[in-house]
Each structure stands twice: as C-alpha cells, then as structure tokens.
Amino acid sequence: MDLGLAGKQALVLGASRGLGAASARALALEGAQVIAVARSTETTQRWRDALPANIGARIHPLKIDLTQRAQVDELVEQATRIGPTDILVNNGGGPPPGAAASMPLEQWTHYFEIMAAHLFHLTGRLLPSMLERGWGRIISIASSGVEQPIPNLALSNAVRAALLGWSKTLAGEVAARGVTVNVVLPGRIHTDRVDELDQAAAEKQGKSRAQVAHESANSIPAARYGRPEEFGDVIAFLASTRASYVTGAKIRVDGGMIRSI
Ligand SMILES: NC(=O)c1ccc[n+]([C@@H]2O[C@H](COP(=O)([O-])OP(=O)(O)OC[C@H]3O[C@@H](n4cnc5c(N)ncnc54)[C@H](OP(=O)(O)O)[C@@H]3O)[C@@H](O)[C@H]2O)c1
C-alpha cells in the first residue's frame, strides 16, 4: 500500500527516543521529510546515522525544549523556514508518578502547561497553513491511562484526558477542510520511559525491575510489551493520505491491554 507520504513534511515532537523516534523513523521510511524535535540532537543523530543514507537524509534533528514557551514559538519559525508542516505528531516526555490526592497545585499547573497548553498553542500556529492547503494531519500521543487510569500516574491520567477533549473538539472544527485530528493511546510499548516506570514500581513494591516487567507483560493479552516500530507504523498510517476518513478517533496500540470495548 502506498501511503502517499513522499515529500510530505512532518514535525515530530519528542523524537530523540522511544515512541517519537519510532514515529519519525516510520514516516521517513515512507518518504516524508521529518523534523525531529527533542532537547538532545545527539541522540537523534545516533539513530538517524544507523539508517540507510537516503532515508537518514530525510531526518532533520532540531534542539528545542518544549517546556519553554518561547522555544515552542521558535520551533514554529524554524520549522516553517524549512517548509510548511503537513503532519504534526504531538508528543513529549511523560510526567513523574504521584497520587491524585496529594498532588501539589504547582505540579498540576506546570504539567498542564507543558503537556497540554503548549501543544494546543503549537498546533494552533501550524493549523492555518494546513487549512489553506486543504491537507493536514494532527496526531497526538496520549496513553491508555485516559481510558483506564493507571494507579499512581495521576498527572498523566488527568492531563492527557484534556488532550482528548481538545483533539475531539478540533477534529470537528477542521474535518471538512482536509485536516484530520486523532489521538493514539500506547499501552506498554518498550521504551526508556516504560523501563523508568517499571523501576519506580519495583522500588515501591520491593521487587526487581525484571520481575515487574514480566508480571506487567503477562497481564497484557498479547503477553508482551509492544515494540516501538509497531507503534510507529500506526502513526505512519494515520499520517497517510490513505487515512483520509479517520478523524476524531482514539486508536489503541496496546496488545489488547484495555479490556473494555
Ligand atoms: N511507552 C509507552 O508505552 C507509553 C505508554 C503511555 C504513555 N506514554 C507517553 O508517551 C510519550 C512518549 O513515550 P516514550 O515511552 O517514548 O517516552 P521516552 O522514552 O521518555 O521519550 C520521550 C521523548 O521526549 C523527549 N522530551 C522529553 N522532554 C522534552 C522536552 N522538554 N522538550 C523536548 N523533548 C522532550 C525526549 O528527548 P530528550 O530527553 O532528548 O528531550 C524523548 O525523545 C510520553 O509522554 C509517555 O509518558 C508512553
């Protein structure tokens, strides 16, 4: 299936590692030019350099700290200088663990700002050009925790629910103008972030990380963690011309982890 991504310009946030890197790689393999954003460009350069040269040449690492509002605006300027953005993948680092009952106000406001408001703002700045050209893809990476809250991840469960409400609202506003807006919900895809969370759980429960990971994988119907490339392929499809009638959706990539229909 030709995904029709050759020559499209994608902006992928949080792309030095994990789900963002896998998404950037999948888009580049399908022919897109990808601006890969993270605080570290060296990490992106390492995985880029491992790709065949013609595909690696489609990856453009960009050093931006998405917690800084001024840098979010700078990102729009820099990306637009390279060309108009066709595909935006909203992503970034996850928040620290913690209980809902004891979360300080400063943490709620800080993480709402960086995990929601900055992404809404960035999208709003890139959207007019997509609407003018009658084509765009806005894909946000959230978490299975928006459907089934993950214990002790109150910030992630709560703030990402806002991302869903925003995404669904925006999808309705732009659907007739060729721009699709979707959210992807990873379950447990094996990245650095999942290793860190397993380590935190292991320390809390007095177990080894391997033991926590084993139990966690066995609680998933697929009986394993997902591979980042399995996640990246779903992003590439949603970004494609072939996914033109998929909008306002939340797509699980979780090996059957969420049990509800
Ligand atoms: N993996 C899963 O199964 C899973 C499940 C549910 C939800 N999620 C969520 O999905 C997102 C991606 O997950 P992941 O597993 O790929 O996480 P990860 O391995 O921690 O990678 C996070 C990426 O975001 C970048 N990043 C972090 N802070 C940033 C900042 N201030 N500015 C710019 N870039 C920043 C990191 O690069 P630098 O450090 O170089 O900046 C890295 O490339 C996270 O929010 C995570 O909580 C993941």
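Modeller: Happy to! The ligand has 29 residues around it, and those that come nearest are Leu19, Gly92, Arg160, Ile189 and Thr191. Please keep in mind that this is a predicted model, and that the distances below are computed from it.

Arg160 brings an N or O atom of its side chain to 2.4 Å from an oxygen atom of the ligand. Arg39 also takes part through its side chain, where a polar atom lies 2.7 Å from a ligand oxygen. With Gly92 it is the backbone that matters: one of its polar backbone atoms is 2.7 Å from an oxygen atom of the ligand. As for cover, the ligand on its own has 880 Å² of accessible area, and the protein covers 93% of that.

Which elements build the shell? Two or more residues come from each of α1 (18–29) and α7 (192–205). Helix α7 gives the largest share, 3 residues. Sorted by class, the shell holds 12 polar, 10 nonpolar and 7 charged residues. Both domains contribute as well: domain 1 (9–188 + 228–252) and domain 2 (190–225) each supply at least three residues to the shell around the ligand.

Now for a pair of strands.

Finally, two backbone details in loops. Most residues other than glycine have a negative phi. You will find Asn152 in the loop between β5 (136–141) and α6 (154–174), where its relative accessible area of 32% makes it partly exposed. Ala223 is another residue with a positive phi, about 60°, although it is not a glycine. Ala223 sits in the loop between α8 (209–218) and α9 (228–239). Its relative accessibility is 44%, so Ala223 counts as partly exposed.

Definitions and conventions
Residues numbered from 1 in each chain as written. Predicted model: local features only at pLDDT ≥ 70, side-chain atom pairs only at ≥ 80, totals over all residues. Heavy atoms only, no water. Near = heavy atom within 4 Å. Polar contact = N/O pair within 3.5 Å; in protein donor to acceptor, adjacent residues only side chain to side chain. Areas by Shrake-Rupley, 256 points an atom, 1.4 Å probe, with all protein chains shown as cover. Helix = DSSP H or I, 4+ residues; strand = E, 2+ residues; numbered from the N terminus. Nonpolar A, V, L, I, M, F, W, Y, C, P; charged D, E, K, R; others polar. Domains from an automatic or database assignment. Buried < 20%, exposed > 50% of the residue type's maximum accessible area, 1.4 Å probe, protein only.
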